[in-house]
Amino acid sequence: MANTPQVPGNDDAQTQREIDEVFGTANPNPGRVGCPSIEELTDLAWRRLPIGAPGYEHLTKCSPCYREFRAIQSGNDPGSRDPRG
Ligand SMILES: [Zn+2]
């Protein structure tokens, strides 16, 4: 355990950008089939749902939802809720 090398933060950011690019464009889902509500996306983004929640799997199949999910995580909540409230 003590020999675990430090992972540079840059690497994580780069990996996250690549994940964003893949999941954010790979599955356009123009009909928004099976999409959860913005409330559920918010719960997913803030990790208020268990890791086995079906919404997480949906994010891997639906780019619009994934982009909304990431926007919520980065503070650009497209919904009406004020995160400060
Ligand atoms: Zn969706």
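A residue is called buried here if 20 or more other C-beta atoms lie within 10 Å of its own, exposed if 12 or fewer do, and partly exposed in between, with the C-beta atoms placed from the backbone. The model is a predicted one, so local features need pLDDT of at least 70 and side-chain atom pairs count only at pLDDT 80 or more, while totals for chains, interfaces and linings use all residues. Residues are numbered from 1 along each chain as its sequence is written.

To start with the overall layout, the chain holds four helices and zero strands, where helices (H or I, at least four residues) and strands (E, at least two) are DSSP runs numbered from the N terminus. Followed along the sequence, the pattern reads α-α-α-α. The chain has 85 residues, and 14% of them count as buried. Two residues are taken to be in contact if their C-beta atoms, again placed from the backbone, lie within 7 Å. Of the contacts between residues at least 6 apart in sequence, 68% join residues at least 24 apart.

Next comes a helix pair. Helix α2 (residues 38–45) packs against helix α4 (residues 63–73) at an angle of about 60°, and their axes are 9 Å apart. The axes are lines fitted to C-alpha atoms, for helices over the stretch in contact, and the angles run from 0 to 180 degrees between N-to-C directions. Angles under 35 degrees count as roughly parallel, over 145 as roughly antiparallel, 65 to 115 as roughly perpendicular, and the rest as oblique. That is why α2 and α4 are described as oblique to each other. Their crossing is right-handed, a label used if the near helix is turned clockwise from the far one by less than a right angle, with anticlockwise giving left-handed. On the α2 side the contact involves L41, T42, L44 and A45, which meet C65, E68, F69, I72 and Q73 of α4. These residues divide into six nonpolar, two polar and one charged. In that count, Ala, Val, Leu, Ile, Met, Phe, Trp, Tyr, Cys and Pro are nonpolar, Asp, Glu, Lys and Arg are charged, and the others, Gly among them, are polar.

What makes up the largest nonpolar core? A nonpolar core means a set of buried Ala, Val, Leu, Ile, Met, Phe, Trp, Tyr and Cys residues joined through C-beta atoms within 7 Å. The largest one has eight residues in all: L41, L44, L59, C62, C65, Y66, F69 and I72. Two or more residues of this core come from each of α2 and α4, and α4 gives the largest share, four residues. In soluble globular proteins, nonpolar side chains tend to be buried together.

Y66, one of the core residues, sits in helix α4. It counts as buried because it has 23 C-beta neighbours inside 10 Å. Setting aside neighbours within four places in sequence, Y66 is in contact with F23, G24 and L59. Its C-alpha atom is also 9.1 Å from that of T25, 41 residues away along the chain.

The loops deserve a look too. The loop between α1 (9–25) and α2 contains S37, which is exposed because it has 10 C-beta neighbours inside 10 Å.

Two non-glycine residues have a positive phi. N29, in the loop between α1 and α2, has a phi of about 45° and is partly exposed because it has 15 C-beta neighbours inside 10 Å. R47, in the loop between α2 and α3 (54–59), has a phi of about 55° and is exposed, with 11 other C-beta atoms within 10 Å.
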